[in-house]
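Student: Could we go through this structure together, and could you set each label against the rule that lies behind it?

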Amino acid sequence: MFEDSHMDETQSSEQLRQLIRRDIRSRRQTLSSREQQHAAQCVCQRLLMHPQVKQHRHIALYLSFDGELSTKPLIEALWRQGKQLYLPVLHPFCHGHLLFQQYSAHTPLVANRFNILEPKLNCSQILPANQLDILVMPLVAFDQYGNRLGMGGGFYDRTLSSISNNVTSIGIAHDSQRYPNLPIETWDQPLDCIITPSRLWEWTHKRV
Ligand SMILES: Nc1nc2c(c(=O)[nH]1)N(C=O)[C@@H](CNc1ccc(C(=O)N[C@@H](CCC(=O)O)C(=O)O)cc1)CN2
Ligand SMILES: Nc1ncnc2c1ncn2[C@@H]1O[C@H](COP(=O)(O)OP(=O)(O)OP(=O)(O)O)[C@@H](O)[C@H]1O
């Protein structure tokens, strides 16, 4: 009896998370390219003013797809400032894990199995995630507590659970990706900061 109701709860939480993902993914896909560009510029300016970003050099970010907030202006601005940038690469053997590989204007890119561009794997250019200073993350939905719902692969949750407090995790998103009181799971890792075109939120969660 108990097990049945527990199972129902687990299933309905996952179903709700799927519904939220579907709803918010379609919301962000409806933004026009002008709106996308404006949002990307606003978030870029806010992120460049962040003290941790000003101070540190090793920054991971992502290449946008599916209506995600574009990182194009950010990448160009950070390169101009001489920052060392990294992109996620799907781990070739460890299912559900990411590697972070250096990204320069000359890095060859290939489409991964989700059709997202990623650097062609070159082991000499991988940086252990723990040595990143800043991890700028994509997300599908976020809430007022720094909770993040991603695409459903658990990639970034696994990354965050394996790294220490020294890495600052920053989610970037459109304002329309905010969803009040996201249903969270035990493995979800809250973010240190979320930046949208209209504002910045910051929290002090402790990861050990
Ligand atoms: N730009 C970007 N890069 C990223 C992520 C991301 O969210 N955004 N990731 C963040 O983790 C990782 C990739 N994770 C992903 C997980 C699921 C799907 C996806 O499209 N799922 C489909 C099912 C596809 C299939 O199984 O073939 C779906 O949900 O419709 C895409 C990316 C690494 N790189
Ligand atoms: N630290 C972890 N160790 C093992 N499994 C994990 C861990 N974090 C998440 N998972 C598993 O990954 C799966 C997907 O998790 P979840 O739905 O939270 O992904 P997400 O945050 O939406 O995706 P992503 O982080 O890739 O954008 C779940 O089945 C979960 O059990």
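This is a predicted model: local features need pLDDT of at least 70, side-chain atom pairs count only at pLDDT 80 or more; totals for chains, interfaces and linings use all residues.

Student: Why is L63 called partly exposed?

Tutor: L63 has 18 C-beta neighbours inside 10 Å, and a residue is buried if there are 20 or more, exposed if 12 or fewer, and partly exposed in between. The value for L63 lies in between, so L63 counts as partly exposed. Leaving out residues up to four places away in sequence, L63 touches T71, L87, I116 and L117.

Student: How do you know that the buried residues of α4 line one face of the helix?

Tutor: The buried residues in α4 are L74, I75 and L78. Seen down the axis of α4, they fall within an arc of 100°, so they line one face. As background, an α-helix has 3.6 residues a turn, so residues three or four places apart point the same way. The face of α4 turned away from the buried side carries the exposed residues E76 and R80, while the cover over the buried residues includes α2 (33–48), β1 and β2 (84–90). Just after α4, G82 takes a positive phi of about 80°.

Student: Which residues have the most contacts inside the largest nonpolar core?

Tutor: They are V136 and I170, in a core of 45 residues, to which α2 gives the most, with five residues. Setting aside residues up to four places away in sequence, I170 touches L47, I134, V136, M137, L191, D192, C193 and I195.

Student: What makes R148 buried and G153 partly exposed?

Tutor: For "binding site", again in an unreviewed entry, UniProt lists R148, L149, G150, M151, G152, G153, G154, F155 and Y156. R148 is found in strand β8 (residues 148–149) and has 26 C-beta neighbours inside 10 Å; since buried asks for 20 or more, R148 counts as buried. R148 is in contact with L139, F142, G171 and L191, leaving aside its neighbours within four places in sequence. G153 lies in the loop between β8 and α5, and with 14 C-beta neighbours inside 10 Å, a value between the two cut-offs of 12 and 20, G153 counts as partly exposed.

Student: What is the make-up, by class, of the shell around ligand 1, and what is that around ligand 2?

Tutor: Ligand 1 is surrounded by 16 residues, the closest being F114, P138, M151, G153 and F155, and by class they are 11 nonpolar, four polar and one charged. Around ligand 2 there are 14 residues, of which the closest are G150, G154, F155, Y156 and D157, and by class this shell has five nonpolar, five polar and four charged residues. Helix α5 (residues 155–161) supplies the largest share of the shell around ligand 2, with five residues.

Note on methods
Residues are numbered from 1 along each chain as its sequence is written. Chains are lettered from A and ligands numbered from 1 in the order in which they are written. Two residues are in contact if their C-beta atoms, placed from the backbone, lie within 7 Å. A residue is near a molecule or strand if its C-beta atom, placed from the backbone, lies within 6 Å of it. Ala, Val, Leu, Ile, Met, Phe, Trp, Tyr, Cys and Pro count as nonpolar, Asp, Glu, Lys and Arg as charged, and the others, Gly among them, as polar. Helices (H or I, at least four residues) and strands (E, at least two) are DSSP runs, numbered from the N terminus. The arc is that of the directions from the helix axis to the C-beta atoms. A nonpolar core is a set of buried Ala, Val, Leu, Ile, Met, Phe, Trp, Tyr and Cys residues joined through C-beta atoms within 7 Å. UniProt positions are given in the numbering used here, feature names are shortened, and annotations may be inferred rather than shown by experiment.
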